Amino acid sequence: MAQSKRTFNKAKLERDLDDRIVPQGTYRDALNISIDTSEDANVGVIENMKGNELISNQSILGLSSSTNPNAKVIGSYSHPEENKIYYFVTGDNTDGIFEYDITNNAINTLLLDSTKPIVSQKVTFTFTMAGVTGSISQNGVINLLAGKGSAVAVTPRFPANTSGSTKSVKIPVKVRVPRGYANYKSSGAYVTGSITASQVSLTAPTPTTASATNVSLTTATLNGELDNDDVNVTSQGFFFGYKSASNTALTVSELTSGGSGIVRSTVTSTGVNNDFNKDVTGIPNSKLVSFVAIATNSVGQGVATNVLTFTTSAAPVAPAANRPYANRLYIHPVVGPDLGTGITTNDSKQIGYGNIIKSDNRIYFTVFGFNASTGLYTDQAVIMDNTPATGGVDDRIQVTANASGPATLTLSNSNSFAISSGDIRFSGFNSAALGSQTAGMYTITATGLAGGTVANFTPATLQVKIGSPSATTFTSTIQPAFAKTGTGTTPFLSQSGSGDYAYNEGGSRTSFSNIGIGPMESGNKGIAIIPFSNTTGTFDTFSGFDATKVAVSISGKTAGTDYDYYIFDTCPVIYGTTPGIMIEADPNVLNDGTTSVTHTVTITYNY
């Protein structure tokens, strides 16, 4: 008999026409096919679907005819994404929901509901059927999971593992028999067995080295981080070091063990934190330093794998020493009679401190200068008070009063300095009493006598405030503060006394508040002299003093703009044997327009 072959190449079902006239390539109906189409398309691709496959010989509770007569499927649901089918079964004894895993060809029971006791149940629940798995935490806590039944560890927990390596541990387990099995009992029945699980160990910490901060000339802050928090860290710190003869980075091994030419140390931070740090000191200038973070617990010490470096700052380059100007006169207050019961030769001529008007209402000042700018005092002072020999040159200084004040200021010995035999360094001057003077601002001027050796020196002026004039005046109080770098002793303000005069009386080793410039009107400059020592505070010789190693600064001020400073190798003060600093400024400029300000002058000696 002839065969009739038809194709389905139009992928179309035709249900409107009579069966006898359905066109070639179409069908009236189709089963076990899948039509795949794109969105909004009205045609597509047809594929044959696989047929059913019988899964038999399953002795599963709820499916077996022996345990659940007349069992049949009353519904199913496919889950293609997971390659699983879920089907619903009813029978004479049990209803249930089952899952068929296509990939593993396995049937899993999800839910059973027995309508009556299964007296004839032949399936006995075993420990293997429970499918127990488990794990053990480092501190010994046991976690169990059972595929069927309820699993409980016979041993509540194990000791913490601090061996440093993972252990394989056998866990005794009992599983309660689920309902529906032959060995199920309502009062409780268990099957027992054991499983093997891994218990991780507490490990040594794993710190990480972080960048150093606050790096300076000789110090830095080392930083580290702790990566694994729960490791019971007991201490944290750093290995750090450097090569004494070069600037080459160190390895972890060199930091931990040292070696020839390596300077290394271990430091411990305070407390235990995830972020930790430690300040280190005493590092040489311009030195490449390597460091690595470490942390310790009961297992051992963990050393970071990353070594970091930093380089300390270079030692400051000493500026060229600022020297006093050559061939220039300076006027400065003297010690005055405030320290004694009356006027003495020394009181009236030695460079001192404080106001130019002393407690006896007289003016006390002196004049000095240099014929070279080396900063030396000894053998460089050219101001003499001796009357020259016959035919010699008069090298005295003339002092006058500027008449620009409210009245001419009357000064005793106004023609020249009083003679003090044998003294070739300074001469002194004291005024008449000021009680008869009109209140106002006066200017004292010092010049060289015509034809004398000081005739070509730049004159010096100093403004004096008498009484309470209406003009605004400005005062700068200079507060010395001494510092040093290197290994030397921090310098300090010189002080001493002898006979009926003293210097820096009532002062201290590091500070003194009576060194002042002013009071004077805006536009006038004055000077303050600060002698310093490096031994006992007296006017001892500063051994090895080097003016190029001195740095002078006033906070918030700019040298050469707000003030000037000059360095003496030997300071022109009472004893004249120690170095000194001279600050010259217009108090109005230095104070930024404020009438009275105390300025800290930091004097740093880099040795």
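**View 1. Lining of the largest cavity in the predicted model.** In this predicted model, the largest cavity is lined by His-332, Pro-333, Gly-352, Tyr-353, Gly-354, Ile-515, Gly-516, Ile-527, Ala-528 and Ile-529. Two or more lining residues are given by each of the strands β22 (328-333), β32 (515-520) and β33 (526-533), and the largest share, three residues, comes from β33. Rolling a probe the size of a water molecule over the atoms shows where empty space is left.

**View 2. A cis peptide bond at Pro-519.** The peptide bond that joins Gly-518 and Pro-519 is cis, with an omega of about 10°. Pro-519 belongs to strand β32, and β32 (515-520) is also among the elements that give two or more residues to the lining of the largest cavity.

View 3. Asn-83, although not a glycine, has a positive phi of about 55°. Asn-83 is found in the loop between β5 (72-79) and β6 (84-90), and its relative accessibility of 39% makes it partly exposed, a class that lies between the cut-offs of 20% and 50%. Ser-286, likewise not a glycine, has a positive phi of about 55°. This serine sits in the loop between β18 (275-280) and β19 (288-296), where Ser-286 is partly exposed at a relative accessible area of 34%.

**View 4. A nonpolar patch on the surface.** Ile-74, Tyr-77 and Phe-88 form a nonpolar patch on the surface, and together these three residues have about 330 Å² of accessible area. Ile-74 is placed in strand β5. With a relative accessibility of 57%, Ile-74 counts as exposed, because the class begins over 50%.

**View 5. The salt bridge between Glu-99 and Lys-84.** Three salt bridges are present in the structure, and one of them pairs Glu-99 with Lys-84, with 3.7 Å between the closest N and O atoms. Glu-99 lies in strand β7 (residues 94-101) and Lys-84 in strand β6, so that the pair links distant parts of the chain, 15 residues apart. Glu-99 counts as buried, its relative accessibility being 9%. Side chains of opposite charge can pair when their charged atoms come close.

**View 6. The salt bridge between Arg-328 and Glu-584.** Here Arg-328 forms a salt bridge with Glu-584, and the closest N and O atoms are 2.5 Å apart. The pair links distant parts of the chain, with Arg-328 in strand β22 and Glu-584 in strand β36 (residues 580-585), 256 residues apart. Glu-584 is buried, at a relative accessible area of 7%, which falls under the 20% cut-off for that class.

**View 7. The salt bridge between Asp-592 and Lys-557.** Asp-592 forms a salt bridge with Lys-557, in which the closest N and O atoms are 2.5 Å apart. Because Asp-592 lies in the loop between α3 (587-590) and β37 (596-606), and Lys-557 in the loop between β34 (550-554) and β35 (564-568), the pair ties together parts that are 35 residues apart in sequence. Asp-592 is exposed, with a relative accessible area of 60%, whereas Lys-557 counts as buried at 16% relative accessibility.

**View 8. Two pairs of residues separated in sequence.** Gly-224 and Asn-273 stand 49 residues apart in sequence, and their C-alpha atoms are 9.6 Å apart in space. Gly-224 is in strand β15 (residues 220-226) and counts as buried, with a relative accessibility of 3%. In the second pair, Asn-306 and Thr-208 are 98 residues apart along the chain, and 6.8 Å separates their C-alpha atoms. Asn-306 lies in the loop between β20 (301-303) and β21 (308-311), and at 25% relative accessibility Asn-306 counts as partly exposed.

Terms used
Residues are numbered from 1 along each chain as its sequence is written. This is a predicted model: local features need pLDDT of at least 70, side-chain atom pairs count only at pLDDT 80 or more; totals for chains, interfaces and linings use all residues. Side-chain values use heavy atoms; hydrogens and water are left out. On a 1 Å grid over the protein atoms alone, a cavity is a set of points where a 1.4 Å probe fits but cannot get out, and a pocket is an open set with protein on both sides within 12 Å along at least five of seven lines; lining residues have an atom within 4 Å of a point. Helices (H or I, at least four residues) and strands (E, at least two) are DSSP runs, numbered from the N terminus. Buried means under 20% relative accessible area, exposed over 50%, partly exposed in between (1.4 Å probe, protein chains only). Patches are made of residues with over 30% relative accessible area and no salt bridge: like charges are joined within 9 Å, nonpolar side chains (Val, Leu, Ile, Met, Phe, Trp, Tyr) within 5 Å. Accessible areas come from the Shrake-Rupley method with a 1.4 Å probe; for residues, only the protein chains shown count as cover. A salt bridge is a side-chain nitrogen of Lys or Arg within 4 Å of a carboxyl oxygen of Asp or Glu.
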